Amino acid sequence: MRIIEVETYEELSEVGAQIIIQKVRKEPNSVLGLATGSTPIGLYEKLVHDYEQNGTSYQHVTTFNLDEYVGLDEGHEQSYRTYMNDHLFDQIDIDKQQTHIPKGDAPDLVAEAQYYEERIQHADGIDLQILGIGRNGHIGFNEPGTPFSSRTHIVDLTPSTREANQKFFGNLDLVPTKAISMGIATIMASKEILLLISGPAKAEAYQRLIHGKMEEQFPASILQLHPRVTVVVEKS
Ligand code: GLP
């Protein structure tokens with residue numbers, strides 16, 4: 001693992017954004033894996049700023065998001081589709097047809113998960129996957145105990161993850177109980193991974209990622225096995 005320690009959230013966002021920008025400039029038809037949550041918001045702001053200032057083009061980029069809540073339609077204000085449109089897609093020149101997010105309101109969720117996985121394979125896999133980390137070590141929405149061999153699937157969200165996301169919904173009762181998420185094996189198949197870790201609430205998860213043992217009870221620990229992971233972490 002390559003570890004880059006930074007002082008501030010601003011710096012974390014800039015370092016992360018530069019990794020994406022360099023990738024897209026070098027390989028304009030890159031397949032990017034995208035994440036949501038609070039952590040990558042600053043990175044997306046930096047990408048938009050760079051697009052406006054320097055014109056880095058995303059016209060030929062394809063994207064796959066990690067996950068989506070079950071039960072929210074695309075237009076729901078807390079859907080990850082709305083998040084991505086607001087923070088990135090509506091502000092750059094990407095072709096929305098080439099942006100993929102699991103459909104949380106699909107009538108057959110199992111079929112949707114399988115179809116999503118197939119589309120990733122069809123795109124020849126993900127070149128660069130952005131990740132955040134949950135306090136309990138979840139990546140995407142793969143909660144502790146998820147098999148390392150998992151592919152895109154339906155997951156039950158743990159109480160701690162629902163509480164962590166309550167701030168976005170206002171009320172815990174409104175936070176969905178399930179999500180559709182790339183699996184751990186899906187994430188591990190990415191050619192390169194960029195993991196962003198920000199804030200004191202993640203300090204313990206960071207320590208466990210670096211020093212802990214590899215176990216399904218701490219999903220992010222599998223990243224120790226990936227040959228090309230960059231961790232950008234705010235010093236705490
Ligand atoms: C959410 C997302 C994850 C994200 C994580 C951390 O549950 N599904 O992809 O990495 O939680 O979120 P945050 O960056 O808001 O702490």
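Which loop does Asn-136 lie in? The close-ups below, all taken from a predicted model, start there.

View 1. Asn-136 sits in the loop that links β6 (128–131) to β7 (153–156). Leaving aside residues up to four places away in sequence, Asn-136 touches Glu-143, Pro-144, Thr-158 and Ser-160. UniProt has an "active site" annotation, from an unreviewed entry, that covers Asn-136 along with Asp-67, His-138 and Glu-143.

**View 2. Glu-143, in the loop between β6 and β7.** Is Glu-143 buried or exposed? Glu-143 has 21 C-beta neighbours inside 10 Å, so it counts as buried. Its contacts, again skipping residues up to four places away in sequence, are Asn-136, His-138, Val-155, Leu-157, Thr-158 and Thr-161. Two of these names, Asn-136 and His-138, also turn up in the unreviewed UniProt "active site" annotation.

**View 3. The shell around the ligand.** Here we look at the 14 residues around the ligand, of which Gly-37, Ser-38, Thr-39, Gly-132 and Gly-134 come nearest. Sorted by class, the shell has nine polar residues, four nonpolar ones and one charged one.

View 4. Helix α3 spans residues 80–87, and its buried residues are Tyr-80, Arg-81, Tyr-83 and Met-84. Looking down the axis of α3, these buried residues stay within an arc of 160 degrees, so they line one face of the helix. As a rule, an α-helix has 3.6 residues a turn, so residues three or four places apart point the same way. And what do the buried residues of α3 pack against? Their partners are β2 (31–34), β3 (62–65), β4 (67–69) and β5 (99–100).

**View 5. The largest nonpolar core.** This core has 54 residues, and Met-84, Leu-131, Ala-179, Leu-194, Leu-195, Leu-196 and Leu-223 touch the most other members. Strand β9 (residues 192–197) supplies the largest share, five residues. Zooming in on Leu-196, we find contacts with Leu-12, Gly-16, Thr-39, Pro-40, Leu-43, Gly-132 and Val-232, not counting residues up to four places away in sequence. Among these, Thr-39 and Gly-132 are also listed with the residues nearest the ligand.

View 6. In an unreviewed entry, UniProt lists residues 10–224 as "domain: Glucosamine/galactosamine-6-phosphate isomerase". Over that stretch the chain is 36% helix and 14% strand, with the end C-alpha atoms 26 Å apart.

Terms used:
Residues numbered from 1 in each chain as written. Predicted model: local features only at pLDDT ≥ 70, side-chain atom pairs only at ≥ 80, totals over all residues. Near = placed C-beta within 6 Å. Nonpolar A, V, L, I, M, F, W, Y, C, P; charged D, E, K, R; others polar. Buried ≥ 20, exposed ≤ 12 C-beta atoms within 10 Å, placed from the backbone. Helix = DSSP H or I, 4+ residues; strand = E, 2+ residues; numbered from the N terminus. Arc of directions from axis to C-beta. Contact = placed C-beta atoms within 7 Å. Core = buried A, V, L, I, M, F, W, Y, C linked by C-beta atoms within 7 Å. UniProt positions renumbered as here; feature names shortened; annotations may be inferred.
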